[in-house]
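Student: I have a structure open and would like to go through some of its side chains with you. Could we take it piece by piece?

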Amino acid sequence: MTDADLIARYDGRVPRYTSYPTAPHFHDGIGVGEYAHWLVALPPDAAISLYLHVPFCDRLCLYCGCHTTVVHHDRPKRNYAQALAREIGLVADRLGRRARVSQIHWGGGTPTSLPDDCLDALMELIRVRFDVAPDAEIAIEIDPASLPPGKLEALAQMGVTRASLGVQDFDETVQKAIGRMQSFDETRDAAEGLRRLGVASVNLDLIYGLPHQTEESVTRTARLALELAPDRAAVFGYAHVPWMKKHQKLMPEAALPMGLARLRQEATIRGVLAEEGGMVPVGLDHYAHPADAMANAAHTGALQRGFQGYTTDAASVLIGLGASAIGALPEGYVQNLPSIPAYEASLAQGRLPVARGVALSHEDRLRRAVIERIMCDLAVDLPAMAQTFGAQAAPLLAAAAPLSGFESDGLVEWNGARLRVTERGRPFVRNVAALFDAYLRGRESSQPRHARAV
């Protein structure tokens, strides 16, 4: 089976599985009442993580699939920060206690686009309303080209312990095509500045499948990335979804690498980071320094996957704060209103800004666990997993019937009970996970259009 054959057979559109059920299956039958009840019902000792979404950027990156907008004035940012503060207060009121928080993640957008005093005030409010663990991880996503020197002081004041720097690609031709000019020197200065602050983990985000990328260009980018000595690296396949993100139409579509080229770019980057750089491949698309906690989590089976991708966070509750933010609770998922004006108006009325969600059935929880272990461990024992949930293995084993074909193609090892994804199969792990997605089966004609598998 050649690489071209694999692409022809498996490069369909499948979910990224940062949740299960996936976000397209959320609905407005889950609203404020359900979310409030779920918050009240949380056990007093439940471990909680917070995700704060900042939907602002200083520039429009044409490849971006995030919920964000370009804003250059402070007033809308300050208004939004006030709304975030109200939501923090409402959630804390529902909990009725200073709940323990083990991790805080600032995402976007570009979180550092908020004024420094807003970032500081929001972090202080979180520490007042929640019991933030002394060793809590405080992570933030950063655009190195939008990081003035003074901003580092604000990050220090916030207590940031991990930062993810958006790189995507260092090739100027690619950068021009995606509207994101960013020099290696800017990125290096940001990484060095963060380390001088004492930030323990500096991570890089790379993308393959962008316009004009080649195996040679991504090799150069990956080698430059290694010069920055990242603790972790995420290597995402560009998701071309112009029906969802209209600005993606502004990129030169004819210059996009197609399936086989994308597969080879991914393999090329993996070779540089893992073989030349000694980083440990983690799950589908992450890499970690051997001494990093993520490498250890991957080795011990403790790796988790959520809306921010792979994580070492073992908290059973994720509370999403901000417009479009998604929370994950034992009973199900909730997503906030994506419109900033609607989000702010809801909070001005003292109302949690919930737009939709989904309640989990027992079968959902079982299949979610199977899919998460496949995505994280590249392996799962189906009968053992079913037994853990007090369920019959037969439905899972029936869903696994196509694995014999995957095995013939060299993508998995399968003995009728336990599956293991091979290194050749790693880029296709989402296809393996999709076999156990009950929401995909038999509904192809009505399915949302997901990103390509590779």
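Student: What does the side chain of Gln182 reach at 2.9 Å?

Tutor: The side chain of Gln182 reaches the backbone oxygen of Gly166 at 2.9 Å, which is a polar contact, that is, a pair of N or O atoms within 3.5 Å, where within protein one must be able to donate a hydrogen and the other to accept it, and residues adjacent in sequence count only if both atoms are side-chain atoms. The side chain of Gln182 also makes a polar contact with the side chain of Thr187, at 2.9 Å.

Student: Before we go on, what sort of model is this, and how are the residues numbered?

Tutor: This is a predicted model, in which local features need pLDDT of at least 70 and side-chain atom pairs count only at pLDDT 80 or more, while totals for chains, interfaces and linings use all residues. Residues are numbered from 1 along each chain as its sequence is written, and side-chain values use heavy atoms, with hydrogens and water left out.

Student: Where is Gln182, and is it buried or exposed?

Tutor: Gln182 is in the loop between α6 (172-178) and α7 (184-197), where helices (H or I, at least four residues) and strands (E, at least two) are DSSP runs numbered from the N terminus. Gln182 counts as buried because its relative accessibility is 3%; buried means under 20% relative accessible area, exposed over 50%, and partly exposed in between, with a 1.4 Å probe and protein chains only.

Student: Which residues does Gln182 touch?

Tutor: Leaving out residues up to four places away in sequence, Gln182 touches Arg59, Asp143, Pro144, Gly166, Val167, Phe170, Gln175 and Thr187, with contact meaning heavy atoms within 4.5 Å. Gln182 and Ala145 are 37 residues apart in sequence, yet their C-alpha atoms are 6.0 Å apart in space.

Student: Changing topic, how many salt bridges are there?

Tutor: A search of the whole structure finds 23 salt bridges, each being a side-chain nitrogen of Lys or Arg within 4 Å of a carboxyl oxygen of Asp or Glu. Side chains of opposite charge can pair when their charged atoms come close.

Student: Which residue pairs with Asp93?

Tutor: Asp93 forms a salt bridge with Arg129, and the closest N and O atoms are 2.7 Å apart. The pair links distant parts of the chain, with Asp93 in helix α3 (residues 74-95) and Arg129 in helix α4 (residues 116-129), 36 residues apart. Arg129 counts as partly exposed, at 26% relative accessibility.

Student: And what about Arg100 and Asp131?

Tutor: Arg100 and Asp131 form a salt bridge whose closest N and O atoms are 2.9 Å apart. Arg100 lies in strand β4 (residues 100-108) and Asp131 in strand β5 (residues 131-142), so the pair ties together parts that are 31 residues apart in sequence. Arg100 is partly exposed at 40% relative accessibility, and Asp131 is partly exposed with a relative accessible area of 24%.

Student: Which residues are linked in a network of salt bridges?

Tutor: Glu266, Arg270, Glu423 and Arg426 are linked in such a network.

Student: Now His53, where does it lie, and why does it count as buried?

Tutor: His53 lies in strand β1 (residues 48-54), and His53 counts as buried because its relative accessibility is 5%. A polar contact of 2.8 Å joins the side chains of His53 and Tyr51. Not counting residues up to four places away in sequence, His53 touches several residues, including His67, Tyr80, Leu84 and Ser324.

Student: What does Gln335 touch, and where is it?

Tutor: Gln335 lies in strand β15 (residues 332-336) and is buried, with a relative accessible area of 11%. Among the residues that Gln335 touches, not counting those up to four places away in sequence, are Phe26, Ser324, Ala325 and Pro353.
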